[in-house]
Amino acid sequence: MTAGSPLLQASNLHTWFELRQWGFLRVGSVRAVDGVNFALARGESVAFVGESGCGKSSLARTLLGLHRPTRGEVTFDGEELSTLKGKARQRYLARVGYVQQDPFGALPPFMDVRRLLNEPLIIHGVRDPAAREERIRRVLEEVRLTRVDEILSKFPHMLSGGQQQRIVIARALLLEPAMIIADEPVSMLDASVRVEILNLLRNIQRERELTLAFITHDLSTVRHFADRIFVMYAGRIVEQAPVDELLDHPQHPYTQSLLAAIADVDADNALEERDVPGGEPPSLLNPPPGCRFHPRCPKAIAGTCDVREPPRFAPREGHYSDCWLHDERHGS
Amino acid sequence: MNRWAAGLRELKQYPSAIGGLAIILFLIGLSLYTVVTIPYSEALDKWRGGEQWRMHPVNAGPVWADRLAGGDKPRTQVVRSTETEIREVPFEGGRQVRIPLEFDYHNGEFPSEINLFLRTLDSSRQAFVRLNWKTPSGETIALGGQRVARDDRISISQNPSLEGRLGMVPHIGLFAGDSPPDAPEVEKGRYRLVLDAILFDEDARLEADLAVYGRVHGVAGTDYQRRNLMVALMWGTPVALAFGLLAAVGTTITTLIIAATGVWFRGIVDATIQRLTEVNIILPLLPILVMVGTLYSTSIWLMLGVVIVLGIFSAGIKTYRAMLLPIREAPYIEAARAYGASNARIIMRYMIPRILPVLIPTFVTLIPTFVFLEASLAVLGLGDPVLPTWGKVLNDAQEQSALYNGFYYWVISPAVLLMLTGLGFAMFGFALDRVFNPRLRTQ
């Protein structure tokens, strides 16, 4: 593969979950991921941002091969994910690491650390126990865990949240991945260790030149850990741009309201009226017609936003936003 | 620190765990001792009964029970001609032989039976014997004479003419001395049975064994076929433990794997398993076993197979499924899929170990239920045709109306062993439950 080609590319990706009644009657689909296009370059760190239920985690699972895409495709290093079988699929799984939200839940509670770190290596055919042990120790060092001997024989519940998450990261790194998908990796950790873990992930990403897909609902941490941001809403990417560009010049009304929700930490304007998106995120079972954000959008244009789906506009250099407001006919 | 090790250490705090474990270890020890001292084939041969038990009394109680009750019931005495001085007088074409069989009798109660076993060696013609009974007071009672076959038994107790002369059953009358027939009392002292034989061959020899059967025998007593009950009680232990353990292991493991498979694959696999289970739960186990036993074979291993096969799709599947469903969605399983664990690996290494600690107590308490099932089948007359088991002892006792006849030991000893098994496993299982079942954990 050439250096310039993207490592991972998703085109027109849909992941729908069918709802059935009595086991066979199809009554509808939950459109968790509904037409997503993006490309991730090698060594790039990107963040997927959005409210709960916007399809971020479903997207992550689709990329990991845990959900079969309903339509569209994922291409990794030139190979299409849905065509991979057997050995090739195992190789793909080894090249994509997964860091989950809940570090305690992500570790099998009945295995000690040594055992659970051995598992991926055993599955991927590292037969020699000494070689496994060596790789495990190297990775534990990389995630800055000290007193390795002690930790190896401990069970997950004996470790702190930060240690648990380091183990989860170590497990994701064990198989020498080219990409790591981190699904809200710090949201369940103490505020005090969040920054540590994020810095660790960022450092490892830089040292190993990994592609890091970082899924979060917390815009406040994104600036330091991502190169690019994708804002997701109701199963779609509504805005994408390099991190500073997006945070400083948000174009989509949804992004603007998300940023407004976190920007004001001053007590003075706590009572000030803000255009925080009102209402609930839309139902993924029956998404609203037209722009999916229009029922909550303060700038919705009646007759346009609620009828036609917005195409992708590029209001600024390298900054894309799916919103009718950028249409020159309406004048942004 | 391993959670199993920690759990076992915690077990020490529970007296019921110690008690239960002691009982289980005792039973295991007894099993091992039995299997080593009485090999399988020997046990089967012994339990088949027959001539090998001829020196044992019929329906004798255990010695210790009699002594505890303050009784003085006799044990069996065997007097052998090979240990006495034989006087021989040769004559033309044969020999006259006198064998005195002497023994001391000091018990307060009469023996239960008297038999004389005769064996003629190196003789082509039948010998003739005449018996005389000499009591301690010097009285001589003639027991008559008869021809003896090569291998013969003279049942002195069942000699009607002698009974008529004595006015009492011979084994009482011969020991009663001068006491009246309606209240006989034992005359204590040295008795002698003098055997005068005429052998019609110069090389012929005669061996005689006198058995004065007692009313108590050994630790466990004997049954109506003179068999020592100890054989069955001892051999019943490994059989019961093996049956219980194999049935519990066989049903638990298969059930667990099938439940986990259904939960993991969902859809049609799960639905099939659930429907099969629902049908199977309704099937009555005992009548099916009775049917198999009546129509096909009562071999204990066949019964074990049927129990396991019918136990696979048992109600346990529903319980395990309920426990496994939330585990299926656990993040660590998602992580395992993400690093490429196969379906089989996820089921065996990620789902089942999660609920294993909770199942251990259930498993331990399940063992005695299968032991009882096997005993129930035996009591119903569907016991293994050759193996001695506790249930078969109970079945024999019931057929011989043991309690009506006062042979309480015949019922009590296997029952006590069965109860001990149940108690031991239950005590241990409940303690395990406290340690491994988090819902019951205090503090």
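The model is a predicted one, in which local features need pLDDT of at least 70, side-chain atom pairs count only at pLDDT 80 or more, and totals for chains, interfaces and linings use all residues. Residues are numbered from 1 along each chain as its sequence is written, chains are lettered from A and ligands numbered from 1 in the order in which they are written, and side-chain values use heavy atoms, with hydrogens and water left out.

**Chain B as a whole**

Begin by selecting chain B in a cartoon view. Chain B has 15 helices and nine strands; helices (H or I, at least four residues) and strands (E, at least two) are DSSP runs, numbered from the N terminus. Along the principal axes, the C-alpha atoms of chain B fill a box of roughly 105 × 50 × 40 Å. The radius of gyration of chain B is 31 Å, whereas a compact globule of 443 residues would have a value near 22 Å. This radius is taken over C-alpha atoms, and the globule rule is 2.2 Å times the number of residues to the power 0.38.

Next, display the surface of chain B. Its accessible surface comes to about 21000 Å², and carbon and sulfur atoms account for 60% of that area. Areas come from the Shrake-Rupley method with a 1.4 Å probe, and for residues only the protein chains shown count as cover. Of the 443 residues in chain B, 50% are buried, where buried means under 20% relative accessible area, exposed over 50%, and partly exposed in between (1.4 Å probe, protein chains only). Among contacts (heavy atoms within 4.5 Å) in chain B between residues at least 6 apart in sequence, 76% join residues at least 24 apart.

Select Gln274(B), which lies in helix α8 (residues 267-282) of chain B. Gln274(B) is buried, with a relative accessible area of 4%. Leaving aside residues up to four places away in sequence, Gln274(B) touches Ile317(B), Lys318(B) and Arg321(B).

Phi of Asn59(B) is near 50 degrees, a positive value in a residue other than glycine. Asn59(B) is buried at a relative accessible area of 18%.

**Chain A: a loop and a helix**

In chain A, select Glu184(A), found in the loop between β7 (179-183) and α8 (191-208). Glu184(A) has a positive phi, near 45 degrees, and is a residue other than glycine. With a relative accessible area of 9%, Glu184(A) is buried.

Now highlight helix α1 (residues 56-63) of chain A. Six of its eight residues are buried, so the helix is largely enclosed by the rest of the structure. The buried residues are Lys56(A), Ser58(A), Leu59(A), Ala60(A), Thr62(A) and Leu63(A). Gly65(A) follows α1(A) and has a positive phi, near 80 degrees.

**Cysteines of chain A**

Cys54(A) is in no disulfide, and the nearest cysteine sulfur, that of Cys291(A), is 14 Å away. Cys54(A) counts as buried at 4% relative accessibility. For Cys323(A), the closest cysteine sulfur is in Cys305(A) at 6.0 Å, too far for a bond. Cys323(A) counts as buried at 5% relative accessibility.

Notes. A disulfide is a pair of cysteine sulfur atoms within 2.5 Å.
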